[in-house]
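Keep the view open beside you as you read.

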Protein chains: 2
Amino acid sequence: MRFSAVIAGVGMTRFGRHLDEGLKALGAEAVRAALADAEITADDLQAAFVGNAAAGLVTGQECIRGQVILRGMGIGRIPVVNVENACASASTALHQACAMVSAGYYDTVLALGVEKLYHVDKRKSFAAFSGAVDVEMLAPLLEALKQGGAAAGAESGGGGAGEKRSMFMDIYAAAARAHMERWGTTVEQFAAVAAKNSLHGSLNPRAQFRDVLSVADVLAAPMIAPPLTRPMCSPIGDGAAAVVVTSERSARTRAGRAPVCVVASVLRSGWDHGADEPGTVEECARVAYEEAGIDPRDIDVVECHDASAPAELMAYESLGLCRKGEGGAFVDSGATRLGGRVPVNTSGGLLRKGHPVGATGIAQIVELTEQLQGRAGDRQVPNAKVGLAHNGGGAIGTDAAAMCVTVLTR
Amino acid sequence: MRFSAVIAGVGMTRFGRHLDEGLKALGAEAVRAALADAEITADDLQAAFVGNAAAGLVTGQECIRGQVILRGMGIGRIPVVNVENACASASTALHQACAMVSAGYYDTVLALGVEKLYHVDKRKSFAAFSGAVDVEMLAPLLEALKQGGAAAGAESGGGGAGEKRSMFMDIYAAAARAHMERWGTTVEQFAAVAAKNSLHGSLNPRAQFRDVLSVADVLAAPMIAPPLTRPMCSPIGDGAAAVVVTSERSARTRAGRAPVCVVASVLRSGWDHGADEPGTVEECARVAYEEAGIDPRDIDVVECHDASAPAELMAYESLGLCRKGEGGAFVDSGATRLGGRVPVNTSGGLLRKGHPVGATGIAQIVELTEQLQGRAGDRQVPNAKVGLAHNGGGAIGTDAAAMCVTVLTR
């Protein structure tokens, strides 16, 4: 599957708590920004692919989410495909958008990811996450996690006090403990990921959290699910991110900007594999590198799915940025910090930029596009030419339910 | 957008009330039937596009619906794209599947539509329909319908007594009254559509309702929203339908079977247009005929979105099967009955075969494929070569939120 789609424009809202803004307002802000960035109008769009994970449970907008958002901006008539893949909904929407453009079906399409998670009734927000596993297996899953040592009764895996946490943090905590046991990874190394991302997020005006945390700050924060303290867990958030995708033949590049191309976008679903067998991330990365004709060493900047701090550390290994078991040493080396060999999550990542789940995958593309075009401001990775996004969603069997790895080049 | 995808196999459940079967069991039954029909195994599938509209509200499975269903059958690893477009979810999934295959990305993919609407708490079933309009506009919409003369307090627009009806029947009732006023269409003509489809449905072992109704029976049934009596309204239902789509280069046709190709699949979204301007159906049909290189007179058999009886009558006109305003005379002529010039809804249509919303669009393709391959049994249209499916979903502005017209040929 060879892709040759051009990112013509990007836009996003600030991520965070937008209690007064619904899906329409958030989506419209991101779409308007992307259209302006691409120097086109809504009339130029030939189709739209819209990713969202949880509006049915949170806002009641169970169906036609994209049409409802876009009609508010006067966009109709064009094909709208509503796409869902849990936290990987947006990268799945982008995957389809790029495929349709690369195939020559369209010249100019919109890919939008949008999510509204904050609700006055927080049970609605957290119920949304429970919908990202096989709901018939939810009770046994929670029981297994409890017996595995999750901190029953811990408060908040979200961004604010007093919330119940998502059970995904129990899943991540169990994986973190297994990594520590097998590879000698330390809790300080997980905390170093969160501290690094807080530094990056402090430089990003669109980040939900902008305070800088030290490793000591991270370790001293309230425990969510051992060994995860609150800053090691991504918060609840609202937000939207959009990109305009164009074909190479119709790509017009703004003066002074390098054209950014999606050269690989690999989507896979989880399956029941052994713990030592390659999983969705390894499989997506292997195929993406092959399709893009690159090697992990060619990558200049990464946005990775740090729904929890250990998830980022383990992604270093799965993506081939370092060897298996060496994720802890890799973060310690400073390689993934701004100024390091391959900065990861320059946006602040899900931990600090925020994680409005259906928007996350495209927000990663917004950050990478700006990095490759040299307009990432204080977060700029000098002369970045190859970017990689890693976005996973839901849980099934022993893996993520959906995984998408995207490679961008300029 | 030229499509050249082959329907290699089809399968579906009986539609109806499946209180003991969930999404997994329904989906698995349809997928297994389609794989067997295509003479392939699950291992041959390279991707899956899964349409569903309402599981989040009805079953709580808000996310990763396709992965959950397919894992139950041992299918994982491949890309799964969950697609939603209200009652047009399945045809949208098929649209994506055919586009990806026609573009050469995949050789063999699954398109599945599945829906579970019956719930012990019927409010959940009906809440699902409310999610197919802009939910922020729901209250004013219901108020406008009430003032427009809808029979407030009428019971059931579904398949059983004692249910509340979907407000979509009020929308259809208003459109029916406008058609009567403008074109002199009679309630007997709407009833004739329902009676015809009951005859067709009686011949379909997979139909939810198999009793034959006369025009008098239809008129004497309980009133739902004037002038619509119960048999003029599609019922609530559960079910699943699946097709295996293959590329022309990898198509293997079973002995004695004509290969059936998707030659056009046109998806559009609603927009705010005047009542006399062409809408989504006219636009989809115009483009579909152009892409397929056919004329409405070339069509041998149609599956149309008769969510209500007047919707079918109006579709005759919008699809160009007859002239504007002549839908009533067209049904009276017998042209759309089995044995007529262009039989419509030989399956029984949504009215009688049933309407598990996210499955409907692919169930139409199942029926048309069997018709074009001469295996429709007692419902067979002799020597059918060109089939058309018309599948709409949700409401936005003055039109359907999503509309898809698909043309199949052998």
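Strand β3 of chain A and strand β3 of chain B, residues 80-84, pair in the antiparallel sense over 3 bridges. To find one of these places in the view, look for A:E84, whose bridge partner in β3(B) is B:N82. Please bear in mind that this is a predicted model.

Now step back to the whole contact between the chains, to which chain A gives 47 residues and chain B gives 47 residues. On the chain A side, the elements that contribute two or more residues are α2 (55-58), α3 (65-71), β3 (80-84), α4 (89-102), β8 (260-269), β10 (386-396) and β11 (399-409). The largest share of that side, 5 residues, comes from β3(A), the strand that pairs with β3(B). What is the make-up of this side of chain A by class? It has 25 nonpolar, 15 polar and 7 charged residues.

How are the two copies related? Chain A can be superposed on chain B by a rotation of 180° with 0.0 Å of shift along the axis, and the RMSD is 0.0 Å. The copies are thus related as by a two-fold rotation axis. The same surface serves both of them, since 100% of the contact residues of chain A recur in chain B. Which residue of chain A comes closest to the rotation axis? That is A:V83, with its C-alpha at 2.4 Å.

Let's turn to chain A as a fold of its own. Chain A holds 14 helices and 11 strands. Its radius of gyration is 19 Å, close to the 22 Å that the globule rule gives for 410 residues, so chain A is as compact as a globular protein of that length. Along its principal axes, the C-alpha trace of chain A spans about 55 × 45 × 40 Å.

Next come two helix pairs, one in each chain. Two packed helices are described by the angle between their axes and the distance between the axes. In chain A, helix α8 (residues 187-202) packs on helix α11 (residues 309-318) at an angle of about 100°, with the axes 8 Å apart. Angles of 65 to 115 degrees count as roughly perpendicular, and α8(A) and α11(A) are therefore roughly perpendicular to each other. From α8(A), the residues A:Q189, A:F190, A:A191, A:V193 and A:A194 meet A:A309, A:P310, A:E312 and A:L313 of α11(A). The residues of this contact divide into 7 nonpolar, 1 polar and 1 charged.

In chain B, look at helix α4 (residues 89-102) and helix α14 (residues 357-372), which pack at an angle of about 60° with their axes 5 Å apart. These two helices, α4(B) and α14(B), are therefore oblique to each other. Here B:S89, B:A90, B:S91 and B:L94 of α4(B) meet B:G358, B:A359, B:T360, B:G361, B:I362 and B:I365 of α14(B). By class, the contact of α4(B) with α14(B) has 5 nonpolar, 5 polar and no charged residues.

Finally, a few backbone details deserve a visit. The peptide bond from A:P226 to A:P227 is cis, with omega near 5°, and A:P227 sits in the loop between β5 (223-225) and β6 (228-229) of chain A. In chain B, a cis peptide bond joins B:P226 and B:P227, with omega about 10°. For B:E39, a residue other than glycine, phi is positive, near 55°. You will find B:E39 in the loop between α1 (23-38) and β2 (47-51) of chain B.

Definitions and conventions:
Residues are numbered from 1 along each chain as its sequence is written. Chains are lettered from A and ligands numbered from 1 in the order in which they are written. This is a predicted model: local features need pLDDT of at least 70, side-chain atom pairs count only at pLDDT 80 or more; totals for chains, interfaces and linings use all residues. Two residues are in contact if their C-beta atoms, placed from the backbone, lie within 7 Å. Helices (H or I, at least four residues) and strands (E, at least two) are DSSP runs, numbered from the N terminus. Ala, Val, Leu, Ile, Met, Phe, Trp, Tyr, Cys and Pro count as nonpolar, Asp, Glu, Lys and Arg as charged, and the others, Gly among them, as polar. Two strands pair if DSSP finds at least two bridges between them. Axes are lines fitted to C-alpha atoms, for helices over the stretch in contact, and angles run from 0 to 180 degrees between N-to-C directions. Angles under 35 degrees count as roughly parallel, over 145 as roughly antiparallel, 65 to 115 as roughly perpendicular and the rest as oblique. Copies are superposed by least squares on the C-alpha atoms of residues with pLDDT of at least 70 in both. The radius of gyration is taken over C-alpha atoms; the globule rule is 2.2 Å times the number of residues to the power 0.38.
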